[in-house]
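Here is a set of questions and answers for someone meeting this structure without any background. Please look over the sequence and the structure before reading on.

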Amino acid sequence: MAVVTVPMLDYIFGRPLLRRQIVGAALAAFGVYALEMGQDVSSFTSDDMASLVQPIMFGLGFWRMEAAMEKFPTEAARLASGQLFMVFLVSLSYLVCWSPAGDDLMIQDACNVIPTMGDIAAWLSDPSILGMLIWTGLITTAFTIYMETLALKTLSAAETTLIFSTEPLFGAAFAAVVANECLSEGGYIGSALIIGGCVISGIDWSQHFRRRGGIQESN
């Protein structure tokens with residue numbers, strides 16, 4: 001949905017949309033749906049509906065960050081730091097207010113979930129936990145957000161979210177290699193739609209055909 005959210009916001013606020021961008025976004029959106037749902041593409045639950053909030057917020061975030069990078073093109077590091085700080089605040093709020101205590105129970109006392117200094121020291125002394133913290137915290141979160149923000153200096157938010165739609169494709173490929181998971185028929189269809197959407201949106205086909213026609217006429 002992020003790949004659809006940004007073009008819709010662009011259109012609402014007066015930015016013209018190219019036909020290839022609309023077609024590419026639609027193909028990528030259907031591709032992500034098919035890839036995520038697998039073979040059971042007909043079932044759509046309330047939980048799936050709730051999960052749509054995430055890509056919509058991702059799209060809104062990319063859209064606003066594009067405007068911020070246009071205004072502050074040399075401040076990618078600071079903008080990324082602000083995003084990371086908000087991720088920390090939201091995660092801490094969830095930990096304190098809404099962390100599940102067990103079967104359909106909610107924790108009322110924040111002291112039950114906030115780790116002690118002893119817990120933190122034990123985690124940091126465990127190489128496996130420390131490695132996971134470094135990988136998920138520094139590489140796949142901090143570094144990724146910084147590179148996404150830096151990319152918005154030259155790419156539009158619509159182009160960025162279209163590229164971002166390939167994330168489940170790479171996730172499925174990684175799972176196939178590491179965990180020996182197999183793509184379903186819907187997964188292959190979704191992968192093809194995502195790649196097709198990126199190709200269609202990223203190439204100015206009218207200019208390509210005009211150039212090709214000019215070459216044929218000169219011959």
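Q: How many helices and strands does the secondary structure of the protein chain come to?
A: Read along the sequence, the protein chain follows the pattern α-α-α-α-α-β-β-α-α-α-α-α-α. Counted by type, the secondary structure of this predicted model comes to 11 helices and two strands.

Q: What share of the residues in the protein chain is buried?
A: A residue counts as buried when its relative accessible area is under 20%. Of the 219 residues in the protein chain, the buried ones make up 26%.

Q: Among contacts between residues at least 6 apart in sequence, what percentage join residues at least 24 apart?
A: Contact here means heavy atoms within 4.5 Å. Among the contacts in the protein chain that link residues at least 6 apart in sequence, the part joining residues at least 24 apart is 71%.

Q: Is H4 roughly parallel or roughly antiparallel to H5?
A: Helix H4 (residues 53-71) packs against helix H5 (residues 76-97) at an angle of about 150 degrees, with the two axes 10 Å apart. Because angles over 145 degrees count as roughly antiparallel, H4 is, relative to H5, roughly antiparallel.

Q: Which residues of H5 make the contact with H4?
A: H4 passes H5 in a right-handed crossing. On the side of H4 the contact is made by Met65, Ala68 and Met69, and on the side of H5 by Ala76, Leu79 and Gln83.

Q: How many nonpolar, polar and charged residues are in the contact of H5 with H7?
A: The axes of H5 and helix H7 (residues 127-151) come within 9 Å and cross at roughly 130 degrees, which makes H5 oblique to H7. The contact involves residues including Ala80 and Leu84 of H5, together with Ile145 and Tyr146 of H7. By class, the residues of this contact are nine nonpolar, three polar and no charged.

Q: Which residues in H8 meet H4?
A: The axes of H4 and helix H8 (residues 157-164) come within 9 Å and cross at roughly 140 degrees, and the two helices are therefore oblique to each other. Their crossing is right-handed. Here Phe58, Gly59, Phe62, Trp63 and Glu66 in H4 meet, on the side of H8, Ala157, Thr160, Thr161 and Phe164.

Q: Is Glu66 buried or exposed?
A: Glu66 has its place in helix H4, and it touches Arg15, Leu152, Ser156 and Ala157, leaving aside residues up to four places away in sequence. Since its relative accessibility is 6% and the limit for this class is under 20%, Glu66 counts as buried.

Q: What distance separates the C-alpha atoms of Glu148 and Thr161?
A: Glu148 lies in helix H7, and beyond residues up to four places away in sequence it touches Phe62 and Phe164. Glu148 and Thr161 are 13 residues apart along the chain, and their C-alpha atoms are separated by 9.9 Å.

Key:
Residues numbered from 1 in each chain as written. Predicted model: local features only at pLDDT ≥ 70, side-chain atom pairs only at ≥ 80, totals over all residues. Heavy atoms only, no water. Helix = DSSP H or I, 4+ residues; strand = E, 2+ residues; numbered from the N terminus. Buried < 20%, exposed > 50% of the residue type's maximum accessible area, 1.4 Å probe, protein only. Axes fitted to C-alpha atoms, helices over the stretch in contact; angles between N-to-C directions. Parallel < 35°, antiparallel > 145°, perpendicular 65-115°, else oblique. Left-handed = near helix turned anticlockwise from the far one by under 90°. Nonpolar A, V, L, I, M, F, W, Y, C, P; charged D, E, K, R; others polar.
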